[in-house]
Structures are given as structure tokens and as C-alpha cells.
Amino acid sequence: MAEMGKGVTAGKLASNVQKKLTRAQEKVLQKLGKADETRDTAFEEGVTNFNKQMLEGSKLQKDLKAYLVAVKTMHEASRRLQDCLADMYEPDWFGKEEVDAMVEDTDSLWTDYHQKLVDQSLISMDTYLAQFPDVKARIAKRDRKLVDYDSARHHFASLQKGKKKDDVKMAKAEEELARSQKVFDEINVDLQEELPALWNSRVGFYVNTFQGMAGYQEKFHKEMAKLNVNLNDIMTKLDEQRLVNDGANHNATSDSPTKTDSAEAAADTAGSPVTNGSDGVDMPDGFTFKVKAMHDYAATDGDELDMKAGDVVLVIAFDNPDEQDDGWLMGVKEDHWLQHKNMSIKGVFPENFTQRL
């Protein structure tokens, strides 16, 4: 027999073509209502659930990969920012060694966080989805074998109803019916058990995936928060060192004051603005204390106060104490108050962005 391709004979090819034609004819008859179709409502519901589960899993995989890309991008941005800090931090500044170590620790935290997401969440996600293509292929095969079974069943029934019965054709049709039913039953039984089990497995998978991610995030942010607190402390002490040095330089370049100089200086200071305290300066109604912004804060609402690191803010009491949210203060920038003596740009701001003076 002539070869038509690797492992495929002309006879096999013809058989496959005939099967496709027979299935197509059977499907047409079923759609026209001229042939009944074997239906299994429970199985069809299982297939619907399977398709939904596969779609949701694919979306989760896509979003997880996008999240990993975002983490990688944030890591790169953080690395560049930390490298900039290390490069500009001069050797004689306070905490130089601590800052260098902090830069390395920050990079290690990002690397470890990203790697855990890849090793645990993403690989687990890929393994979970890897089972769907095979099941999908077997569902499609079951559908084809069901059409073969229905076709064989209808063919045998038509021979039984015929006026002239051909025993040879009857025996052959009955044999084909039994074979088609056996092939269909084998794959059908396996899927009837597998689809519900696969559907139920999604709950445990989602729990493990998101619990794992939550754990990695909690550890990452907890360790990163410690580094941020340490960095803030170093910056505060560096600022204190700067103020001390500025004072020492000023004293070194100034002549020793005379009694007259001291008196004149005291007189000049008595009515000038101050940045730490309220002596000699008219303060707004409800003034309580001053704070210094340690970080920039961009207002996100009309009643909030924009701040730049270094701004001094006069904290005032809320008109209605019930309106004050935990962790928020009301205030007006000191430089605005000293220039305009009005509250036109007062607003609320997060207390943890500031340091009390």
C-alpha cells in the first residue's frame, strides 16, 4: 500500500476523511432536528465551569506577569535613586557608611521580593494552567466520539427499521455501535470524574497563591519600612550636623560682639520673624505649635496643604474638632502667614510627613 506520509497510509487517510464526512452529516441532521442528539446536562455544566476556570486562570496569569514587570520596574527605579544617594553622599557627612549599607540592603530586598514572586507564585501559576490544554483536547475528542456514537446508533436503528434486513450489514452496524460506545464511554467516564475535581481545586489554588503573595508583600514592606525609618533618622542627624557646622562657621568669621553690638542685635531680633517658637510674632488664632516638613507632600484634595521638604508650618486647631481625622493636622505655612497675615491657604496635611519643632 502506498505511503502518504510518515506513519499515514492511503487507507488510513481515506478512513479519516470518511469519519469527518460522517460526523458532518450527523451534525447537520441533528441541527435540522432529523436526528436526536445524546445530551448530558451535568457534563455540559462541567464544561462551562472548565471554560470559565481556564479563562480566569489565564487572566490571573496575565495580571501576575504584569505585576512582576511593575515590581521589576520599581526595583530599577529604586536602584537608580539609591545609587544617586550613594554617589552624592560625601564621605565627611554623617552616616556615610550606614547609607552605603542601606543602599545594598534596599537592592537585596527588591531582588529577594521579585525572586520569591517568580519562584513561588508565577511557577505555581504556570503549573496550574499547564493542565488545561490536555483536558481541553480530551473534551473536544469526547465531542467527536459522541457524534460517532450517535451516528452509529442512528445507522443501526435505520437498518432495524428497514423492510429488507441484511444480516451481514446488521452485524457490522451493531459491532460498530458497540465499538463507538466503548470508545466514548472510556473518555467520558474519565472526564466526568476529572472536571468536577479540577473545578473544586481552584479554591485551594487561589488561597495558596494570594496568601503567598500577601506574605511576601508583608515581609518586604516591613523590612523596607525599617530601612526608611533609618534613612529618615540619618537625614535628620545630617541636617543637625549642618546646622551645627553653619553656626560654628558663623562664629569663626565674626568679631567678638561688644556690649553695644549685643544690644543692637537683641533689638533687631526682638521684632524679626522666628522659625522655632512664637516670641515676638503675631500668631494666627488657634496656633498650637510649629512643624517642619520632612518630605514633599502633593495635595490631592482642595482642603489639603501642599508642602515641600523644609517648609515650616504653623499648626492651628480645627474649627470643629470632630472634623479632624487621625494622623492629620491643620495649618498654614509660616512664610505665607508672615507675609500676608491671612489664612487663605490653610489646609490639612499628614502629620507623619513632618517633625515637630
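A salt bridge here is a side-chain nitrogen of Lys or Arg within 4 Å of a carboxyl oxygen of Asp or Glu. Lys96 and Asp100 form one, with their closest N and O atoms 3.4 Å apart.

Before going on, the basis. This is a predicted model, in which local features need pLDDT of at least 70 and side-chain atom pairs count only at pLDDT 80 or more, while totals for chains, interfaces and linings use all residues. Residues are numbered from 1 along each chain as its sequence is written, and side-chain values use heavy atoms, with hydrogens and water left out.

Back to Lys96 and Asp100. They sit four residues apart in helix H3 (residues 96-130), so about one helical turn separates them. Helices are DSSP runs of H or I, at least four residues, numbered from the N terminus. Lys96 is buried, with a relative accessible area of 18%, and Asp100 is partly exposed at 28%. Buried means under 20% relative accessible area, exposed over 50%, and partly exposed in between, with a 1.4 Å probe and protein chains only.

The structure holds 16 salt bridges. Another of them joins Lys226 to Glu223, closest N and O atoms 3.7 Å apart. These two are three residues apart in helix H5, again about one helical turn. Lys226 is partly exposed at 43% relative accessibility, and Glu223 is partly exposed at 29%. Salt bridges that share partners also join Glu76, Arg79 and Asp107 into one network.

Now the rings. How many aromatic pairs does a search of the whole structure find? Ten. Rings of Phe, Tyr and Trp (its six-membered ring) pair if their centres lie within 6.5 Å; planes under 30 degrees apart count as stacked, over 60 as edge-to-face, the rest as tilted. Phe50 and Phe132 are a tilted pair, 5.5 Å centre to centre with 40° between the planes. Phe50 lies in helix H2 (residues 41-88) and Phe132 in helix H4 (residues 132-161), so the pair ties together parts 82 residues apart in sequence. Phe50 is buried at 2% relative accessibility, and Phe132 is buried at 1%. Tyr128 and Phe132 have ring centres 5.4 Å apart and planes at 75°, so that pair is edge-to-face. Ring pairs link Phe50, Tyr128, Phe132, Phe205 and Tyr206 into a cluster.

That is what I have on the contacts.
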